[in-house]
Amino acid sequence: MSDTLENITTIGVLGAGQMGAGIAQVAAQGGFTVLLADVSQARADAGKAGIAKQLGRLVEKGKLAAEARDAILGRITAVVGAAGLAPGDFLVEAATENIELKKQLFVELDRAARPGVILATNTSSISITLIAAVTGRPERVVGMHFMNPVPVMKLVEIIRGLQTADDTYQLTLALAHKLGKTTITSKDCPGFLVNRILIPLINEAGFALQEGLGSAEDIDTGAKLGLNHPMGPLELADLIGLDTCLAIADVLHRELGDDKYRAPNILRMHVAAGWHGRKTGRGFYNYASKP
Ligand code: NAD
């Protein structure tokens with residue numbers, strides 16, 4: 001059982017993309033042993049290599065000692081699939097935002113993890129209750145929604161499913177705090193709190209762009225200098241990943257049944273074209289020429 005924070009020494013992360021790698025980095029920086037899994041060894045290794053690059057930048061800037069970087073990296077092991085996370089004391093799923101995939105992965109995580117181990121999901125929008133229901137331990141399933149980039153952003157949104165037990169919730173809160181994060185708690189409703197607010201903003205910025213109200217730069221500068229947002233909605237969408245933004249918008253639209261959540265066609269077309277934002281080198285902006 002992993003029913004106290006002291007019993008959690010190994011954190012397993014499923015999905016080694018931008019969020020999974022960020023969660024793994026923060027957990028290793030927090031002193032935990034980390035297992036980082038993806039569909040293949042190559043993908044998991046790439047996730048770990050991305051962490052090494054991020055930490056290398058901190059070393060170059062004099063913000064982290066080279067020995068500390070080596071120690072952090074030494075605590076992270078890249079493994080394959082949910083089965084590779086079996087030794088973990090607390091597991092966080094951070095794979096692609098797709099409901100069928102998440103259900104499948106929770107069946108696998110439930111099979112791999114020891115009884116009593118908490119299974120958290122970093123989903124941006126999908127019902128925790130629904131994901132929990134495919135497992136034999138719905139009371140040990142919880143939403144743990146980190147923000148992007150994980151090492152920089154202070155917030156973790158904790159979501160209780162209908163079946164989430166009090167001690168599961170409390171232990172997840174305590175872990176988030178141990179990782180240096182500030183928490184908010186949301187009920188289990190599509191998009192929870194943060195994306196319920198953010199996605200309509202991103203959608204509206206997309207509508208403004210497709211209607212030719214202004215350029216992408218105009219829209220983002222309007223939000224930055226006019227609304228005091230640190231990033232404009234279109235550049236933020238590119239950072240999140242346009243595929244992820246569209247997946248969240250579709251969940252909000254379908255589950256809440258209100259057309260105010262519909263995604264603009266320009267977002268759908270960008271995703272269809274493979275322009276998923278920074279991670280693919282092109283989204284609303286072109287990053288191919290940038291380092
Ligand atoms: P990403 O595309 O960068 O990474 C997804 C990773 O999942 C990939 O490495 C992919 O290979 C892996 N994956 C796919 N199928 C898998 C499987 N069967 N087993 C193991 N790994 C698998 O996406 P991301 O931005 O890291 O998002 C991951 C999750 O985090 C999503 O649920 C997303 O909604 C959520 N999230 C994203 C953000 C954001 O800003 N991007 C913020 C908060 C939460």
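Predicted model: local features only at pLDDT ≥ 70, side-chain atom pairs only at ≥ 80, totals over all residues.
**Entry 1: L119 and its contacts**

Leaving aside residues up to four places away in sequence, I found L119 in contact with L91, F106, L109, D110, A113, T135, R137, R140, V141 and V142. I then noted that L119 belongs to strand β5, which runs over residues 118-121. Is L119 buried or exposed? I recorded a relative accessibility of 0%, so L119 counts as buried, the limit being under 20%. I also looked up how far L119 lies from P200: the two are 81 residues apart along the chain, and their C-alpha atoms are separated by 29 Å.

**Entry 2: the chain as a whole**

I next turned to the overall fold. The chain holds 11 helices and eight strands. Does its radius of gyration agree or disagree with that of a compact globule? For 291 residues a compact globule would have a value near 19 Å, and the chain has 19 Å, so the two agree. I noted that the C-alpha trace spans about 55 × 45 × 35 Å along its principal axes.

Buried residues account for 52% of the 291 residues. Of the contacts between residues at least 6 apart in sequence, I found that 65% join residues at least 24 apart. The accessible surface comes to about 13000 Å², and carbon and sulfur atoms hold 56% of that surface. For the charges, I recorded 29 positive and 30 negative, with mean positions 4 Å apart.

**Entry 3: helix α7**

I checked the length of α7, residues 194-210. Its 17 residues should span 24 Å at 1.5 Å a residue, and because the end C-alpha atoms are 25 Å apart, I take the two values to agree. Which residues of α7 are buried? I listed N195, L198, I199, I202, N203, A205, G206, F207, A208 and L209. An α-helix has 3.6 residues a turn, so residues three or four places apart point the same way. The cover over the buried residues of α7 includes strand β6 (141-146) and the helices α8 (216-227), α9 (233-240), α10 (242-256) and α11 (265-272). Just after α7, I found G212 with a positive phi of about 70 degrees.

**Entry 4: helix α9**

I then examined α9, one of the elements that cover α7. How many of its residues are buried? Eight of its eight residues are buried, and the helix is mostly covered. I wrote them down as P233, L234, E235, L236, A237, D238, L239 and I240. These residues pack against α1 (18-29), α7, α8 and α10. Just after α9, G241 takes a positive phi of about 110 degrees.

**Entry 5: backbone exceptions**

Most residues other than glycine have a negative phi, and most peptide bonds are trans. I looked for departures from this pattern. A cis peptide bond joins N148 and P149, with omega about -5 degrees. P149 lies in the loop between β6 and β7 (155-160).

F192, which is not a glycine, has a positive phi near 55 degrees. I located F192 in the loop between β8 (182-187) and α7. Its relative accessibility is 3%, so F192 counts as buried.

N228, also not a glycine, has a positive phi of about 60 degrees. I placed N228 in the loop between α8 and α9. Is N228 buried or exposed? With a relative accessible area of 69%, N228 is exposed.

Technical notes. Residues numbered from 1 in each chain as written. Heavy atoms only, no water. Helix = DSSP H or I, 4+ residues; strand = E, 2+ residues; numbered from the N terminus. Expected span 1.5 Å × (residues − 1). Buried < 20%, exposed > 50% of the residue type's maximum accessible area, 1.4 Å probe, protein only. Contact = heavy atoms within 4.5 Å. Rg over C-alpha atoms; globule rule 2.2 N^0.38 Å. Areas by Shrake-Rupley, 256 points an atom, 1.4 Å probe, with all protein chains shown as cover. Lys, Arg positive; Asp, Glu negative; His and termini not counted. Charge placed at Lys NZ, Arg CZ, Asp CG, Glu CD.
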